Amino acid sequence: MVSREQKRGSLKEKFQLLRSITNSHADNETSIIMDASKYIQKLKQKVERFNEDSTAEQSSSEPTDATIPMVTVETLEKGFMINVYSGKNQPGMLVSVLEAFEDVGLNVLEARVSCTDSFSLHAMGVENEDGENMDAEAVKQAVTDAIRSWGEGNDSQS
């Protein structure tokens, strides 16, 4: 059977641990518990703010219309990472995007494409050796223009 002194010692150790975790400077147990309660409330608020921020960020990065493709271009050390996403499969869009790469002088080194229910393209490209220097914004604009032109031609055929 555990003696009272052992229980009291164990409880005191746990309060000291709680005190150190919550950065409390209190000396008595009641104050340590109050500080721990405040600490937990602050953590809950941080979690709520984080969830709100990530929800807002996620909703702003997703296109509102599933048929409007989202294009992002990141500059890499040597070349670009191009991502195109549409919530709806867009037959023929891949050809237009690849033609845009060719028009701006971009060689595709690696690409992953999915066209099942949605359209998704992740491509890594580098500039042609004879091509002029380009930036990510120019690549994004070329891809966006190609998609827009493809969409207009596709709408007129419907």
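This is a predicted model: local features need pLDDT of at least 70, side-chain atom pairs count only at pLDDT 80 or more; totals for chains, interfaces and linings use all residues.
Is S96 buried or exposed?

S96 sits in helix α3. Its relative accessible area is 13%, and the cut-off for buried is under 20%, so S96 counts as buried. Leaving out residues up to four places away in sequence, S96 touches A146 and W150.

Now the core. The largest nonpolar core in the model contains 18 residues. F80, I82, V84, F101, V139 and V143 have the most contacts inside it. At least two residues of this core come from each of β1 (70–76), β2 (79–86), α3 (93–104), β4 (119–127) and α4 (136–157). The largest share belongs to α4, with five residues. As background, nonpolar side chains in soluble globular proteins tend to be buried together.

Take V139, one of the residues with the most contacts inside the core. Which residues does V139 touch, not counting those up to four places away in sequence? They are V73, F80, I82, L106 and M134. Two of these names, F80 and I82, were also on the list of core residues with the most contacts.

Last, helix α1, residues 4–21. With 18 residues at 1.5 Å each, α1 should span 26 Å, and its end C-alpha atoms are 26 Å apart, so the two values agree. As for burial, α1 is hardly covered: of its 18 residues, the count of buried ones is one. Just after α1 comes N23, with a positive phi of about 55°.

That's the tour; questions are welcome.

Notes:
Residues are numbered from 1 along each chain as its sequence is written. Side-chain values use heavy atoms; hydrogens and water are left out. A nonpolar core is a set of buried Ala, Val, Leu, Ile, Met, Phe, Trp, Tyr and Cys residues joined through side-chain atoms within 4.5 Å. Buried means under 20% relative accessible area, exposed over 50%, partly exposed in between (1.4 Å probe, protein chains only). Helices (H or I, at least four residues) and strands (E, at least two) are DSSP runs, numbered from the N terminus. Contact means heavy atoms within 4.5 Å. The expected span of a helix is 1.5 Å times one less than its number of residues.
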